[in-house]
Structures are given as C-alpha cells and as structure tokens.
Amino acid sequence: MEIRGKVHEIGDVQQVTDSFKKRDLIVQYAENPQFVEYIRFEATQDRTTLFDSLNVGDEVEVSFNLRGRPWTNKDGVTSYFNSLVAWRVAKVTAEPVATGQAGAAHQVATPPTVDISADDGKDDDLPF
C-alpha cells in the first residue's frame with residue numbers, strides 16, 4: 001500500500017529489547033483538507049534508517065504493509081492491534097510535466113527504478 005503526505009514528526013530509534021528496535025514516522029494525510037489525519041508508520045530493525053534523510057515538512061510517499069495481531073492480557077481479555085510498517089519512503093519533488101501550459105508542474109514521486117526485463121533479451125516461460 002502507498003500513501004502521500006507531509007512529514008509531521010520523526011521519532012527517535014527506540015531499542016525495545018536487546019534484539020529489537022523500532023522508529024516512528026508521523027505523516028499528515030489530507031485526502032480531505034478540512035479533516036487532516038495524522039498517520040503513524042513504524043520501521044523496525046535495519047529499516048529504522050529509512051527516516052534518516054527526512055525532515056519535518058517534506059512531502060513523501062510511504063510504501064507500507066498493514067499488520068495486525070492479537071494480544072491477551074492477564075485477565076484473558078483479547079485486544080487487537082494494527083501496525084503500518086514502512087518499507088520504503090520516497091521524497092516527492094516537483095518536476096515539470098509537458099501539458100501544453102507554460103510553467104505547469106505537478107508532484108511526482110521519485111523512487112529508485114528497477115529493471116525487471118528478461119536477461120539478454122531471452123523470452124521467459126510465463127504464459128502471459
């Protein structure tokens with residue numbers, strides 16, 4: 001899943017246990033500008049560095065997975081929790097777009113590109 005918004009807050013790395021660390025990123029999401037949402041993403045382990053190059057106010061596109069898990073307290077009552085786990089964050093930059101209008105531009109995400117074409121021009125064996 002992906003979402004675009006503005007960086008509101010970047011948390012410090014939290015060392016939860018000797019072998020587990022996490023970091024939060026709060027993004028302002030304004031699908032409807034009258035009702036701005038503040039969405040919390042987390043990064044864990046070696047991905048806590050994903051947020052190092054970000055600054056408050058940056059426009060970003062966050063790619064994430066939705067995770068859910070149960071937790072049962074000492075009284076046997078089970079609660080359910082959701083997490084939005086970030087796996088990529090790309091700053092959004094303004095780039096000119098050929099629209100026929102002078103000076104026209106819009107926001108474009110600039111994630112790294114990956115070549116997924118077949119090796120050496122060989123045909124693959126996929127049925128489509």
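Q: Where is serine 63 found?
A: Serine 63 is found in strand β5, which covers residues 59-72, a strand being a DSSP run of E of at least two residues and a helix a run of H or I of at least four, both numbered from the N terminus. This is a predicted model, in which local features need pLDDT of at least 70 and side-chain atom pairs count only at pLDDT 80 or more, while totals for chains, interfaces and linings use all residues. Residues are numbered from 1 along each chain as its sequence is written, and side-chain values use heavy atoms, with hydrogens and water left out.

Q: Is serine 63 called buried or exposed, and on what relative accessible area does that rest?
A: The relative accessible area of serine 63 is 1%, and since buried means under 20%, exposed over 50% and partly exposed in between (1.4 Å probe, protein chains only), serine 63 is called buried.

Q: What makes the pairing of serine 63 with glutamate 2 a polar contact?
A: The two side chains come to 3.3 Å, and a polar contact is a pair of N or O atoms within 3.5 Å, where within protein one atom must be able to donate a hydrogen and the other to accept it, and residues adjacent in sequence count only if both atoms are side-chain atoms. The side chains of serine 63 and glutamate 2 therefore make a polar contact.

Q: Which residues does serine 63 touch, not counting residues up to four places away in sequence?
A: With contact taken as heavy atoms within 4.5 Å, serine 63 touches Met1, Glu2, Val85, Ala86, Trp87 and Arg88, not counting residues up to four places away in sequence.

Q: How do you know that arginine 4 and glutamate 61 meet in a salt bridge?
A: Their side chains meet at 3.1 Å, N to O, and because a salt bridge is a side-chain nitrogen of Lys or Arg within 4 Å of a carboxyl oxygen of Asp or Glu, the pair qualifies as one. Arginine 4 lies in strand β1 (residues 2-10) and glutamate 61 in β5, so the pair ties together parts that are 57 residues apart in sequence. Arginine 4 is partly exposed at 36% relative accessible area, whereas glutamate 61 is buried at 14%. Side chains of opposite charge can pair when their charged atoms come close.

Q: Which way do β1 and β5 run, and how many bridges join them?
A: Five bridges join β1 to β5, which run antiparallel, and two strands pair if DSSP finds at least two bridges between them, so β1 and β5 count as paired. Within this pairing, arginine 4 stands opposite glutamate 61. β1 also pairs with β3 in the antiparallel sense, over four bridges, and the bridge partner of glutamate 9 in β3 is isoleucine 26.

Q: What makes aspartate 52 and arginine 23 a salt bridge?
A: Their side chains meet at 2.6 Å, N to O, which is within the cut-off for a salt bridge. Aspartate 52 lies in the loop between β4 (37-44) and β5, and arginine 23 in strand β3 (residues 20-29), so the pair ties together parts that are 29 residues apart in sequence. Aspartate 52 is exposed, with a relative accessible area of 52%, while arginine 23 is buried, with 11%.

Q: Which residues of the largest nonpolar core touch the most other members?
A: Of its 13 residues, Leu25, Phe41, Phe51, Leu54, Val60 and Val62 do, a nonpolar core being a set of buried Ala, Val, Leu, Ile, Met, Phe, Trp, Tyr and Cys residues joined through side-chain atoms within 4.5 Å. The elements that give two or more residues to this core are β1, β3, β4, β5 and β6, and the largest share, three residues, comes from β5.
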